[in-house]
Amino acid sequence: MRGLSIKLKITLLYGGLMTLLTCIILAILIALSNREMLSSASTNLKEEVLNTFDSMSYQDGRLFVDKEITEIQDGVYRSVYSEDGIFLAGRIPYEFQTNRALSDGQLVLENSDGERWYIYDVKMSIQGYGEVYVRGIASVESADSTTRVIMRISLFLLPVLVLMTAILCYSFTKRLLAPVARITRTAGEISKGADLSKRIGLGEGSDEIHMLANTFDNMLEQLQSSFERERRFSSDASHELRTPIAVILSQCEAALEREGLDEVEREEFQVIYRQAGKMSRLVGQLLLLSKGERDQQALNLEMISLSDIFQMVAEEQEELAQGREIRILTEIQPSIEMKADETLMMRMMMNLVSNGISYGRPGGYVKISLHKDGDQIYGEVEDDGIGMTEEVLSHIWERFYQADPSRSTDSAGLGLPMVRWIVQVHKGRIWVESEPGKGSKFSFCF
Ligand code: ADP
């Protein structure tokens with residue numbers, strides 16, 4: 001039951017209830033009508049028998065019986081017998097055979113040749129002649145046959161009725177639940193594209209679903225504005241930090257150029273200079289990222305050779321890799337071009353390759369591949385280093401996330417969020433496969 005949609009569940013519930021209810025009503029109806037018909041059949045039989053006496057008379061020493069007695073009236077066969085049981089006139093059904101003795105005023109049910117018959121005998125006296133018996137016989141099956149017709153009709157009607165209820169119920173709940181499908185679609189789109197500006201927009205309405213949709217929209221509104229505030233804060237903060245950092249850097253430079261610094265002072269200024277430089281790069285990345293997320297970063301799109309850029313990055317990172325005894329391997333298809341921002345593409349590759357080196361293993365490799373398939377460009381950066389657990393994988397695209405800060409790179413957890421943003425603004429896709437201890441593979445496609 002759990003796997004079924006609500007539409008199907010409601011349809012099954014109503015269809016089932018409808019079937020049950022119809023069956024109960026039909027059963028009651030059939031039982032009642034059956035009884036009613038049997039009793040009306042026996043009343044009818046009695047009436048016909050009693051009427052027969054009107055068609056008998058005694059004249060001139062003879063008993064006259066009307067010819068119509070041989071006709072079947074309302075399914076009733078009538079026959080006349082003398083007092084000692086000798087058949088005088090009338091008609092007996094062909095299939096009916098009985099030795100039942102004549103009685104007076106009793107209705108009995110008798111089985112004959114697989115059929116059930118009502119028998120009703122009445123004894124009366126004809127003036128001048130004496131006593132006679134009139135026997136009426138009527139088939140019970142003829143009353144039953146009406147019930148059977150009803151049963152047959154309902155056997156045909158019931159499935160039609162159930163089917164109609166199911167169809168009506170399904171289309172009705174489908175219409176009723178259409179807004180829910182819209183809510184699901186919107187929520188899916190938001191989580192896929194991380195676009196909080198989307199709304200369900202069901203409009204005014206006071207039913208539960210409208211209320212749910214409007215609450216959902218309000219929640220999105222709040223979320224969007226708080227995200228907006230947070231982005232504005234990081235962009236403003238990094239913007240404000242740029243000037244003091246630039247001042248620290250320039251003051252350090254000036255101090256380092258001054259004559260007469262002793263070794264200890266020089267060392268101290270160099271530490272400040274290095275750390276300020278790192279801070280400056282971080283703030284630059286943060287500013288770029290927050291501006292990019294607020295769609296304020298202008299892209300400088302031009303036709304560039306991705307193959308050249310990838311090759312350049314491989315060569316540039318060679319020194320860093322050698323320092324960690326890691327080989328850089330390349331499998332780059334030449335002359336692959338696309339319209340992109342060169343600086344951003346370069347930064348994306350730098351981040352991925354430097355991660356591969358930082359989280360690689362000595363004696364291992366980082367492999368850069370690029371190839372084109374139709375109008376799709378596929379790229380990969382693969383290493384055989386420490387890899388990532390499922391837990392780490394679920395966080396790597398978050399800003400400032402670092403699984404192990406002691407292995408810190410210059411990006412301080414901003415490297416991959418930036419990679420993802422760059423891929424997204426170039427309308428591409430990026431995904432990662434990784435296994436702890438075996439290595440990681442970042443793949444992207446434009
Ligand atoms: P940083 O490299 O500065 O830590 P990133 O955003 O580039 O920040 O990466 C976030 C985290 O993802 C890293 O701290 C690391 O745990 C994990 N990670 C990224 N690339 C790899 C890789 N190639 N192999 C293993 N872990 C990686």
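## Ground rules

Residues count from 1 along each chain as its sequence is written, and side-chain values use heavy atoms, without hydrogens or water. Since this is a predicted model, local features need pLDDT of at least 70 and side-chain atom pairs count only at pLDDT 80 or more, while totals for chains, interfaces and linings use all residues.

## Domains

The chain splits into domain 1 (6-164), domain 2 (246-293) and domain 3 (301-445), with bounds from an automatic or database domain assignment. The C-alpha centres of domain 1 and domain 2 sit 114 Å apart.

## Salt bridges

There are eight salt bridges (a side-chain nitrogen of Lys or Arg within 4 Å of a carboxyl oxygen of Asp or Glu). In one of them, Glu48 pairs with Arg78 at 3.9 Å, N to O. Glu48 lies in helix H1 and Arg78 in strand S3 (residues 76-82), so the pair ties together parts that are 30 residues apart in sequence. Helices (H or I, at least four residues) and strands (E, at least two) are DSSP runs, numbered from the N terminus.

Glu48 is buried at 11% relative accessible area, and Arg78 is buried at 3% (buried is under 20%, exposed over 50%, partly exposed in between, with a 1.4 Å probe and protein chains only).

## A buried histidine

His426 sits in the loop between helix H9 (415-425) and strand S13 (429-435). His426 is buried, at 9% relative accessible area. Leaving aside neighbours within four places in sequence, its contacts (heavy atoms within 4.5 Å) include Leu301, Met338 and Phe446.
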